[in-house]
Amino acid sequence: MSAIEQYNKLGQEIGSLELRETQLRNSIRQTVESLWAEQGVDGGGNYENFTSIPKRLTMVLSAKSYVHSLQELQEAAKDLERASREVSRAVKEGGAAYMEAIQAACSCFQAASIHLSKIQPIPIEIQGRHLSKLTSLILDKVNSNRRTLKQISEDYVNGQLQACDWPPALASPSDRPPEKKTGSFWERVREKGNPALMDLGTALVALTKLQQSFEGKIMQGTMLWFCSALAAPLEKKLRMHFASENSSTADISKPEWLFATAKKIIQEHAPGMHYFQGVVPMSGLDGPFDLSVEFIRCMQYCIQGILADHHVVQLESIGTSVLWLKWTEATQMFDREMMDLAGISEDSGEVLRKFRESNCLGAFCRKKEWVASWCASEAEDCIQQMDEIMSAPDAWTPAVEENSPPSQQEIWPSKCAEGVWGVVVTVIQKSKTMPGALGQAWLQQVGRKVFHEFNRRLTAMVKQVETFKQLLEPKSASKICGCICAARYFEHNLNEYDDEASVSDHAPLSVVFSKELGTFTASKRKWSMNLARTAAEQFQSDTASYRKQLEAFGAHAGIEPPAQMDISPSLVGAILRLSDACNMLASLMDAVCFSDIWKAIAMAATRFLFNDIATEAAFSKWGSYQFYYDCYALMDIFRPYTRRPHAHLRELHESCLLLTFPAETAINLQQVLSSPGEKKNLKTHLASVQIGRLTPNQALSILSRRLE
């Protein structure tokens, strides 16, 4: 086929495709016009941008569906409004008429809820000012009717409570025994034949049905409205007596007055709530609800509100640590008493967590500035306790019985360290009485100040001793070792502390106080290494003359050394002094801290003798064995602390092996190490003669120091 023929054929194919495109465009236009006609929408006649058509169709359909749902919700809102008016009218009749009106209102709200789920939120593609405004108006109407229904129901309950003479007079906070009464308040009302009690039962049932309708399934931990209704009048009386400026019992210095009265009220009336256990329907509640416990929770929450509205505000204004502590401690004690009254223990899990969400202590955690003031007061008190503990005459004596040497104990705290940790544990336990995240935040703020101040005081003591540069003098060493062991004790406890009664919301202490843990670890390490360096420098000074007498190791050439040799006279004093220092430190420190120190000393002593003698002197056979006995006298210092002291002075140990090998073994090994072709297997050859730390070059250097 020629080029002209190919060109003509290609032109025909293009024309066919263009015709097909026109046909498809017309087909799409007809389809779109048909769809728009069905929806009653003017499409605007623009069909050029076909990619926008599906999006516009989706938008139109979505808008139509949303408006339809909005119309249905508007009708449901009107029904709810009519039902609300009917409930208001039925209040006057009470009884069955009131319950019937409540049930009708619940049905209307449930119908409205179905449409609510369809319009929240408004789809993005149809959001607009007018549509949003219309939606808000209808939602406001639904919520307004909801609030009205709840208010009518609560007012009706309050009316019936008053008719039953609830609330009773407040119990006196005095120590006089209360007047003996038979049965609960509600049982006595029933015995009197008060007809209002039946209407109260109806009112409480209606209020619970309304809550079930509004909130769906009532979960554990949710405040029951009817329990709150019973608690509200009592709260009003408590406020009048203990949170009123004109009341003589509203004394900011007397928290016990409020809590003693509240405790008597709850003790008297909480058990009586079981009267309603068979009156109020529980079918819509998630799990069993103990109405006695629920009443206690409601009362605690009411008291929390009283504290937050009145007393904590006063505390923040007055700003004295003594009052802050007095109120918070009294509140925590009251919360613990309420836990006991409710029969809730520390291992109650989720029940305990829910119960603590409503405890009175939450009043102090409602604002960040309140938490900060409380934490500052608590930390100030802890630091004051710390100073008293640290200044006691026996503060730095061991807190444990000396059944075995300290250097064999994992921890060796002083009474001071143990006492300060006891303060920390108290802080931890207090934090666990608070709701989850608030408790952990409180613990961090107070605990960090305590840890910081304790470490600061330990650091100041160490610096004071270091100023005189007599760290190994017994009194100085005792102080520094006490500080090291205290830091180690806190490091250990932060890593290992495990409280079985802890709340799951609290992270491990090692995570909460990771920075403080690192600080104690660093302090312990720094102070330990300062002691080790001092001992090592003392050994270096004491062995100066010994390390300079290199010619002594080349003496007595050709003479066989005796079977037993004494250590070099110039080394005896250094060995004895280092041994005394290690024994003293071992009597003052736990195993972990002392292990770090003696290993550092051993490493430094190894470096001195290896660098200055093993690699510098020329050794006769006599001198080699003399050095061997000197090194093993050094190793014997550390034998009480390890079964294999040579493993911690390996350079010296291996140097002694090389210097005391039989002549034939030494010559053969030297030849292997010197051979150019054996470089790949040198370490294997050394390992075969128990040389693993020294490099081939170091081993060859020491072998070359042998004179015979």
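Me: In which loop is Q690 found?

Reply: Q690 is found in the loop between helix 24 (682-688) and helix 25 (696-703). Helices here are DSSP runs of H or I with at least four residues, strands are runs of E with at least two, and both are numbered from the N terminus. The model is a predicted one, in which local features need pLDDT of at least 70 and side-chain atom pairs count only at pLDDT 80 or more, while totals for chains, interfaces and linings use all residues. Residues are numbered from 1 along each chain as its sequence is written, and side-chain values use heavy atoms, with hydrogens and water left out.

Me: Why is Q690 called exposed?

Reply: Its relative accessible area is 60%. Exposed means over 50%, buried means under 20%, and partly exposed lies in between (1.4 Å probe, protein chains only); Q690 is therefore exposed. Phi of Q690 is also positive, near 65°, in a residue other than glycine.

Me: Why does H556 count as partly exposed?

Reply: H556 has 40% relative accessibility, so it counts as partly exposed. H556 is found in the loop between helix 18 (544-548) and helix 19 (569-586). Its phi is positive, about 60°, although H556 is not a glycine.

Me: What makes Q160 count as buried?

Reply: The relative accessibility of Q160 is 12%, which means that this residue counts as buried. Q160 lies in helix 4 (residues 129-163). Leaving aside residues up to four places away in sequence, Q160 touches A196, D199, L200 and A203, a contact being heavy atoms within 4.5 Å.

Me: Why is the pair of W166 and F185 called edge-to-face?

Reply: Rings of Phe, Tyr and Trp (its six-membered ring) pair if their centres lie within 6.5 Å; planes under 30 degrees apart count as stacked, over 60 as edge-to-face and the rest as tilted. The ring centres of W166 and F185 are 5.2 Å apart and the planes stand at 70°, so the pair is edge-to-face. W166 lies in the loop between helix 4 and helix 5 (185-191) and F185 in helix 5, so the pair ties together parts that are 19 residues apart in sequence. W166 is buried at 3% relative accessible area, and F185 is buried at 11%. The peptide bond from W166 to P167 is cis, with omega near 10°.

Me: What makes the aromatic pair of F619 and F627 tilted?

Reply: The centres of F619 and F627 lie 5.6 Å apart with 50° between the planes, and the pair is tilted. F619 and F627 are both buried.

Me: Which classes of residue make up the contact of helix 17 with helix 20?

Reply: Helix 17 (residues 514-542) and helix 20 (residues 591-614) pack at about 35°, with their axes 9 Å apart. The residues of this contact divide into 14 nonpolar, two polar and three charged. Ala, Val, Leu, Ile, Met, Phe, Trp, Tyr, Cys and Pro count as nonpolar, Asp, Glu, Lys and Arg as charged, and the others, Gly among them, as polar.

Methods
Axes are lines fitted to C-alpha atoms, for helices over the stretch in contact, and angles run from 0 to 180 degrees between N-to-C directions.
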